[in-house]
Amino acid sequence: MNILRRSIIVGLTMLSIGSAAMAAPAQETPQQRTYAETRFDPVKRAERIEKRQQKLHEALKLTRNQEAAWDTYIAAIAPRRDIARADRASFKELNATQRAEKRLEFSKARVVHQETRLAALKTFYAALTPEQQKVFDEHSLHGKRKGRQHRHG
């Protein structure tokens, strides 16, 4: 009987501890909370991009001759979403074919922007030493860690 009582007491204790743990709200880490609160805020997004670019700049240890190529590269890769978002506001007033044409315009503009970014990347990458290229390659894997891709947004 003594073993049965102990087993019941231990079981009830474990059950009460488990219930208390489940009742406690899950705590978000400050990093999760910050990203969740700011991921759609264009100002906060720009700050995150600038911080990432600054980290890369420091890691590359650029020479004076490479700084001009860096500035050109950074200017070329700046996000250009504001124009497309302003035009999307008028989508409600368009019919189906006009909306499809507008989407095609956006796609073409995006391809042109990507081509500009690629040209700037190639120019900047060519100005780097092989060691700097390795560092740049590692940093350009942003969001990919331990074989998995983490999506942002």
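Tutor: We begin with a term: a crossing is left-handed if the near helix is turned anticlockwise from the far one by less than a right angle, and right-handed if clockwise. The model is a predicted one.

Student: What is the secondary structure of the chain, and in which pattern?
Tutor: The chain has 7 helices and 2 strands. Along the sequence, the order is α-α-α-α-α-α-α-β-β.

Student: How are H3 and H7 oriented to each other, roughly parallel or roughly antiparallel?
Tutor: Helix H7 spans residues 130–139, and the axes of H3 and H7 lie 9 Å apart at an angle of about 155 degrees. The crossing of H3 and H7 is right-handed. The cut-off for roughly antiparallel is over 145 degrees. H3 and H7 are therefore roughly antiparallel.

Student: How do the residues of the contact of H3 with H7 divide by class?
Tutor: On the H3 side, the contact is made by Lys 55, Leu 56, Ala 59 and Leu 60, and on the H7 side by Gln 132, Val 135, Phe 136 and His 139. The residues of the contact of H3 with H7 come to 5 nonpolar, 2 polar and 1 charged.

Student: Where is Lys 61, and is Lys 61 buried or exposed?
Tutor: Lys 61 sits in the loop between H3 and H4. Its phi is near 50 degrees, a positive value in a residue other than glycine. Exposed means over 50% relative accessible area. With 68%, Lys 61 is exposed.

Student: What does H6 reach from its first C-alpha to its last?
Tutor: Helix H6 runs over residues 96–126 and has 31 residues. Buried residues in H6 include Lys 102, Phe 106, His 113, Ala 120 and Phe 124. At 1.5 Å a residue, 45 Å is expected for H6, and the reach is close to that, at 45 Å.

Student: Which hand has the crossing where H4 passes H6?
Tutor: The axes of H4 and H6 are 9 Å apart, and the angle is about 165 degrees. H4 and H6 are therefore roughly antiparallel to each other. The crossing in which H4 passes H6 is left-handed.

Student: How many nonpolar residues does the contact of H4 with H6 have?
Tutor: H4 contributes Gln 66, Ala 69, Trp 70, Tyr 73 and Ala 76, and H6 contributes His 113, Thr 116, Arg 117, Ala 120, Leu 121 and Phe 124. The contact of H4 with H6 has 3 polar residues and 1 charged, and its nonpolar residues number 7.

Student: Is Ala 76 buried or exposed?
Tutor: Ala 76 belongs to helix H4. Not counting residues up to four places away in sequence, Ala 76 touches His 113, Thr 116, Arg 117 and Ala 120. Ala 76 and Gln 114 are 38 residues apart in sequence, yet 9.4 Å apart in space, C-alpha to C-alpha. Buried means under 20% relative accessible area, and Ala 76, at 11%, is buried.

Student: What does Ala 127 count as by relative accessibility?
Tutor: Ala 127 is in the loop between H6 and H7. Leaving aside neighbours within four places in sequence, Ala 127 is in contact with Gln 66 and Ala 69. At 33% relative accessibility, Ala 127 counts as partly exposed.

Student: What share of the 153 residues in the chain is buried?
Tutor: Among contacts in the chain with a separation of 6 or more, 57% come from residues 24 or more positions apart. Of the 153 residues in the chain, the buried ones make up 15%.

Conventions:
Residues are numbered from 1 along each chain as its sequence is written. This is a predicted model: local features need pLDDT of at least 70, side-chain atom pairs count only at pLDDT 80 or more; totals for chains, interfaces and linings use all residues. Side-chain values use heavy atoms; hydrogens and water are left out. Axes are lines fitted to C-alpha atoms, for helices over the stretch in contact, and angles run from 0 to 180 degrees between N-to-C directions. Helices (H or I, at least four residues) and strands (E, at least two) are DSSP runs, numbered from the N terminus. Angles under 35 degrees count as roughly parallel, over 145 as roughly antiparallel, 65 to 115 as roughly perpendicular and the rest as oblique. Contact means heavy atoms within 4.5 Å. Ala, Val, Leu, Ile, Met, Phe, Trp, Tyr, Cys and Pro count as nonpolar, Asp, Glu, Lys and Arg as charged, and the others, Gly among them, as polar. The expected span of a helix is 1.5 Å times one less than its number of residues. Buried means under 20% relative accessible area, exposed over 50%, partly exposed in between (1.4 Å probe, protein chains only).
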